[in-house]
Amino acid sequence: MLSAAQKEQYQRDGYIVIPDFKSAQEIAALRARAAQIVAEFDPTVAQGIFTTKDQEKKADEYFLRSDNTIRCFFEEEAFGPDGQLKQDKSLSINKIGHAMHDLDPVFRAFSADPRLAAVARDLGLADAQVWQSMYIFKQPGIGGEVRWHQDATYFETDPISVTTFWFALEDATLDNGCLWAQPGGHRTPLRERFVRTGDDIKVEKLDNTPWPDDSTAVPLECKAGALVCFHGLLPHYSAPNRSPVSRHAYTLHATDANTAYSPRNWIQRDASFPVRGFL
């Protein structure tokens, strides 16, 4: 599926961008289904807010129970001082997570793609297992920052194998909060580990290597339909979206079944809900 040059770039930089991987029709179907999920979401039942800051404090029951179901999360800036939404619900949701790829037929159809399975094999996942899916809205004006992090923090395996598949559902630009990454940063150590024991969450500090800055990071601007693949140790970030346009994206996180998946990772599966691959 991937050319020799693409494989070489992935090994060198820790990421690749594949333009036009998904069609306009596939994107439209996913966006329509996401809009329907949000429309049916009752914010009076539960109000989860997604943030990458102070995660030990913010990992409440609503978040923890989203591991193997489908839930909506608000932007941090969605609510006013009075606790009410500042704008329409459809413009206030940060993301939907975390098991749409298994539980929702439309998301399953988008995720169960033989071409995606082939890309995963080319990137070194001999037997891909998809643990998590997220639909990210990056809302206009209030789309929150996602701080520098490594996805292996949340999906530890021995050896590290987690790989991210990030689909641009709209053009991702400097203005609306595209991804930034550190080329070659996948050769740096794992800095943090997000571990779960029952309903207790802890972020363990493992290494003091500093996060990248503007001198080493590059923006990964891309057009709708592009697929960005990156290594679980690659440091990446996205700025707040202060523009008038959204930046919808869909992500999948997969590990190799031939590596040991940590029992302390926050998402676990058993025989009643087995983890599956891209097919």
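Buried means under 20% relative accessible area, exposed over 50% and partly exposed in between, with a 1.4 Å probe and protein chains only. The model shown is predicted: local features need pLDDT of at least 70, side-chain atom pairs count only at pLDDT 80 or more, and totals for chains, interfaces and linings use all residues. Residues are numbered from 1 along each chain as its sequence is written, and side-chain values use heavy atoms, with hydrogens and water left out.

**Figure 1. The whole chain.**
The protein chain has 7 helices and 15 strands. Helices (H or I, at least four residues) and strands (E, at least two) are DSSP runs, numbered from the N terminus. The C-alpha atoms fill a box of roughly 55 × 40 × 40 Å along the principal axes. Of the 279 residues, 57% count as buried. Contact means heavy atoms within 4.5 Å. Among contacts with a separation of 6 or more, 84% join residues 24 or more positions apart. The accessible surface comes to about 12,100 Å², and 52% of this belongs to carbon and sulfur atoms. Accessible areas come from the Shrake-Rupley method with a 1.4 Å probe; for residues, only the protein chains shown count as cover.

Which residues of helix α7 (residues 114-122) are buried? They are Leu116, Ala117, Ala118, Val119 and Ala120. Asp113 caps the N-terminal end of α7, with a side-chain oxygen 2.8 Å from the backbone nitrogen of Arg115. After α7 comes Gly124, whose phi is positive, near 110°.

**Figure 2. Arg33 on helix α2.**
Arg33 lies in helix α2 (residues 24-40). The side chains of Arg33 and Gln36 are joined by a polar contact of 3.0 Å. A polar contact is a pair of N or O atoms within 3.5 Å; within protein, one must be able to donate a hydrogen and the other to accept it, and residues adjacent in sequence count only if both atoms are side-chain atoms. An α-helix has 3.6 residues a turn, so residues three or four places apart point the same way. Leaving aside residues up to four places away in sequence, Arg33 touches Glu40, Asp104, Val106 and Phe107.

**Figure 3. A four-stranded open sheet.**
The 4 strands run in the order β5-β13-β8-β11, with antiparallel pairing. β5 (146-149) and β11 (218-219) stand at the edges; each has a single partner strand, so one side of each is left without a neighbour in the sheet. Two strands pair if DSSP finds at least two bridges between them. β8 (residues 179-181) and β13 (residues 236-238) pair in the antiparallel sense over 3 bridges. Ala181 stands opposite His236 in β13.

A disulfide is a pair of cysteine sulfur atoms within 2.5 Å. By this rule the count is 0. Cys178 is in no disulfide, and the nearest cysteine sulfur, that of Cys222, is 7.8 Å away. Cys222 is likewise in no disulfide, its nearest cysteine sulfur being that of Cys178. Are these cysteines buried or exposed? Cys178 is buried at a relative accessible area of 1%, and Cys222 counts as buried at 9%.

**Figure 4. Cis peptide bonds.**
Most residues other than glycine have a negative phi, and most peptide bonds are trans. The bond from Gly97 to His98 is cis, with omega near 10°. His98 has its place in strand β3 (residues 93-98). The bond from Asp158 to Pro159 is also cis, with omega near -5°. Pro159 is found in the loop between β6 (157-158) and β7.

**Figure 5. Positive phi outside glycine.**
Asp20 is not a glycine, yet has a positive phi of about 55°. Asp20 lies in the loop between β1 and α2, and is exposed, with a relative accessible area of 68%. Lys138, also not a glycine, has a positive phi of about 45°. Lys138 lies in the loop between β4 and β5. Lys138 is buried, with a relative accessible area of 3%.
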